[in-house]
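User: I would like to learn how to read the core and the helix packing of a protein model. Please take me through one case.

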Amino acid sequence: METTCLSMKFVFSSAHRVRFSDIYSGVHGHNYEVTVRLCVNGRRDLVLDIDRVRREMQGIVHAFDGKYLKSTREGVQGITPNEYVEIPCIPEGVTGECLAWYLVDYVRNALNRLGINDVPEIQVVVCDSPINCFEATSHS
């Protein structure tokens, strides 16, 4: 089967904590690089208007920038609600995998809001460093 895809890249800086790691259990930050890939079936001259989707994604990227990524199951003290973004994840903190799946769901909902319903594959790659990336792919 042939597919045609478009990719968008976004960058933001956020902090998190992963209590399961002996090395990274303290609060620390990353300059995250996120790649969103949208794929449709067949050969296409145009997948969709990339600017419409990019504008939608800029909102979430802006909301993450400079914030603490807090798991919905993580207890934190001393951080006010306007200083964090909650991501469904494990109690020990937000992982790259959870962030990638959160963004897949966000992209799917954004496409629905825009009336774009013919994108059967969404892939999100979240890199928290040049050597560590986390991927999530949804097929509908």
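This is a predicted model: local features need pLDDT of at least 70, side-chain atom pairs count only at pLDDT 80 or more; totals for chains, interfaces and linings use all residues.

User: How many residues does the largest nonpolar core have?

Analyst: A nonpolar core is a set of buried Ala, Val, Leu, Ile, Met, Phe, Trp, Tyr and Cys residues joined through side-chain atoms within 4.5 Å. Buried means under 20% relative accessible area, exposed over 50%, and partly exposed in between (1.4 Å probe, protein chains only). Here the largest such core has 36 residues, and Val36, Leu38, Leu48, Phe64, Leu99, Leu111 and Val124 have the most contacts inside it.

User: Which elements each supply at least two residues of this core?

Analyst: Helices (H or I, at least four residues) and strands (E, at least two) are DSSP runs, numbered from the N terminus. The suppliers are strands E1 (3-16), E2 (28-41), E4 (84-87) and E5 (121-127), with helices H1 (50-64) and H2 (96-113). H2 gives the largest share, nine residues.

User: What does Val36 touch?

Analyst: Contact means heavy atoms within 4.5 Å. Not counting residues up to four places away in sequence, Val36 touches Leu6, Ser7, Met8, Phe10, Met57, Val107, Gln123 and Val124.

User: At roughly what angle do the axes of H1 and H2 cross?

Analyst: Axes are lines fitted to C-alpha atoms, for helices over the stretch in contact, and angles run from 0 to 180 degrees between N-to-C directions. The axes of H1 and H2 come within 10 Å and cross at roughly 140 degrees. Angles under 35 degrees count as roughly parallel, over 145 as roughly antiparallel, 65 to 115 as roughly perpendicular and the rest as oblique. H1 and H2 are therefore oblique to each other.

User: Which residues in H1 meet H2?

Analyst: Val53, Glu56, Met57, Ile60 and Phe64 in H1 do, and their partners in H2 include Leu99, Tyr102 and Arg113.

User: Is Phe12 buried or exposed?

Analyst: Phe12, in strand E1, counts as buried because its relative accessibility is 2%. Among the residues Phe12 touches, beyond four places in sequence, are Tyr32, Phe64 and Leu99. Phe10 also lies in strand E1 and is buried, with a relative accessible area of 3%. Beyond four places in sequence, the contacts of Phe10 include Val36, Arg54 and Met57.

How values were computed. Residues are numbered from 1 along each chain as its sequence is written. Side-chain values use heavy atoms; hydrogens and water are left out.
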